[in-house]
Amino acid sequence: MIVGRVSRWVQWLISAAVLLIGAAAAAAAVFFTHPYSALRSGLIITIIILTAAGVVYSGFFRRSCRFRLTNEYIEFQSGILYQITRRIRRSSIMAVTEVRLPFPMPGISSLLISAMGGSMLLPLLKVEDVSQILQVLLPEQQDEGMAEQGNV
């Protein structure tokens, strides 16, 4: 059984983005409002609260997204307030595609698992987890057999 989570880099990137957006919003509030006004104070307090909530959310986001690969199925759970569980039987898997982001993020990759009746995206995983999943789901004997048949 293989168990994993979303990469830690994702948590850091979400936190950094939230902090930058919060700093930009606070700077805009300072530059475009009258000094010592109630509007400026309210905006800055609101921005600080929303920024702190975003940073806390990024920590929960990483912990809430996890996958499990067993002999019978692959399962992906996500959600902070509402847990959503997606499960695909390994016997119904038809294709596994590695999805790379358009901008380079070292050590992060995603998998799209297509099966009869639907598909599942395992987003922003560590490359080590992706390689383990691919080794289990696509054994080398299967790849060699497909190459011999001319399907690759």
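Q: Two strands pair if DSSP finds at least two bridges between them; how many bridges join strand β3 (residues 73-78) to strand β4 (residues 84-89)?
A: Six bridges join them, and the two strands run antiparallel. One of the bridges links Y73 to R89 in β4. The model is predicted: local features need pLDDT of at least 70, side-chain atom pairs count only at pLDDT 80 or more, and totals for chains, interfaces and linings use all residues. Residues are numbered from 1 along each chain as its sequence is written, and side-chain values use heavy atoms, with hydrogens and water left out.

Q: What lies between β3 and β4, and which residue in the turn has a positive phi?
A: Five residues separate the two strands of this hairpin. G79, in the turn, has a positive phi of about 115°.

Q: Why is S15 called buried?
A: Buried means under 20% relative accessible area, exposed over 50%, and partly exposed in between (1.4 Å probe, protein chains only). S15 has a relative accessible area of 10%, so it is buried. S15 belongs to helix α1 (residues 8-32). Leaving aside residues up to four places away in sequence, S15 touches V55 and S58, where contact means heavy atoms within 4.5 Å.

Q: Why are the buried residues of helix α3 (residues 127-137) placed on the same side?
A: The buried residues of α3 are D129, V130, I133 and L137. They cover an arc of only 100° around the axis, so they lie on the same side of α3; the arc is that of the directions from the helix axis to the C-beta atoms. An α-helix has 3.6 residues a turn, so residues three or four places apart point the same way. The face turned away from the buried side of α3 carries the exposed residues E128 and Q135.

Q: How much of residues 12-32 is helix in the model?
A: UniProt lists residues 12-32 and 38-60 as "transmembrane region" in an unreviewed entry; such annotations may be inferred rather than shown by experiment. Residues 12-32 are 100% helix and 0% strand, with end C-alpha atoms 30 Å apart. Residues 38-60 are also 100% helix and 0% strand, and their end C-alpha atoms lie 33 Å apart. Helices here are DSSP runs of H or I of at least four residues, and strands are runs of E of at least two, numbered from the N terminus.

Terms used:
Pairing = 2+ DSSP bridges.
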